[in-house]
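The following report considers aromatic pairing and its surroundings in the structure shown here.

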Amino acid sequence: MTAQTPSRSPFVTLGAGVLLASSILATPVFAGDSQPQPLDRLWSFANVSVNYLDWSNGTEARTANNAAKSDFTFVEIEGGVGFSWGEFYGFFDFENPTNDQFDESSGGKDNFRTAGKVTSHIYLGDSPLSIYAHLYDFRDYGFNAREQDQILGLGYRTTFDNGLWFKPFIGAARVQSDGYTGMNGYMAGWVAGYDFTALNQNFSVTNWHEQTFGRDNEYLEQNYVNGTAGSVGTNGALSLWWHPSDLITTGVQYRYSENKLGTPNAYQNAMIYSIKLNLL
């Protein structure tokens with residue numbers, strides 16, 4: 001099936017979301033305002049980071065002929081903001097930022113690539129339920145490959161007495177790619193985190209997880225290398241962060257996936273080493 005050409009570039013949509021978040025983050029909050037305004041933020045953060053992703057030897061062996069994986073550096077811009085009526089989060093990554101679009105020395109494994117995500121919870125009144133929306137866009141310019149995942153469904157938000165916060169979601173999935181465009185089953189997942197202190201230092205543990213299921217057979221045939229993937233896909237990361245100061249955060253992440261990232265029926269895992277400059 002020939003992929004449909006979008007009437008509007010996904011990066012326009014993604015870029016608009018990032019610009020909206022940036023403008024919101026820059027909106028001042030005046031303590032003297034007698035009435036809360038819709039754009040009065042309850043919390044916000046923004047950072048820029050340098051990251052190195054190191055695939056396991058097993059992953060590199062398992063994917064050698066199936067969307068081969070290679071270690072890479074990426075620069076990330078990340079931010080989030082919360083209001084009384086909803087919250088937004090987004091990031092944009094530049095992978096192999098100093099490389100050509102097609103990296104000849106690696107046979108294309110180290111091409112310049114970009115990836116971005118915007119998510120939102122629009123609260124349903126005073127309940128913990130929300131309308132959840134999620135857009136993820138990936139581009140490999142050397143192979144002219146693209147995939148955009150669009151999720152719309154329900155979310156939930158809760159914070160436990162011990163400080164653990166947990167935000168699960170479930171929604172219908174649509175994909176727009178160079179190989180297939182159309183509805184593509186469902187996605188369920190969560191983001192979660194916990195802050196703690198040890199040795200007089202501030203730390204946090206976070207986890208994001210995505211489980212796709214009921215994916216379209218044509219998508220599974222067209223969007224994977226040397227084989228057809230299973231209908232269930234797993235994607236996520238478990239992270240430990242150290243906050244030595246308000247300005248700097250550093251951390252290590254365990255990245256995992258299966259039946260994702262272009263490789264069918266193979267577990268993939270990596271370690272990511274990160275240092276962030278906190279802007280807010």
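Phe166 counts as partly exposed, at 27% relative accessibility, where partly exposed lies between buried (under 20% relative accessible area) and exposed (over 50%), with a 1.4 Å probe and protein chains only. Trp190 is likewise partly exposed, with a relative accessible area of 30%. This is a predicted model, in which local features need pLDDT of at least 70 and side-chain atom pairs count only at pLDDT 80 or more, while totals for chains, interfaces and linings use all residues. Residues are numbered from 1 along each chain as its sequence is written, and side-chain values use heavy atoms, with hydrogens and water left out.

A search of the whole structure finds 17 aromatic pairs, meaning rings of Phe, Tyr and Trp (its six-membered ring) with centres within 6.5 Å, counted as stacked with planes under 30 degrees apart, edge-to-face over 60 and tilted for the rest. Two of the pairs are set out below.

| Pair | Centre distance | Plane angle | Class |
|---|---|---|---|
| Phe83 and Phe88 | 6.4 Å | 70 degrees | edge-to-face |
| Phe166 and Trp190 | 6.2 Å | 50 degrees | tilted |

Because Phe166 lies in strand 8 (residues 165-177) and Trp190 in strand 9 (residues 181-198), their pair ties together parts that are 24 residues apart in sequence; strands here are DSSP runs (E, at least two residues), numbered from the N terminus. Phe83, by contrast, counts as buried at 1% relative accessibility, and Phe45, Tyr89 and Phe91 form one aromatic cluster.

Terms used. Helix = DSSP H or I, 4+ residues; strand = E, 2+ residues; numbered from the N terminus.
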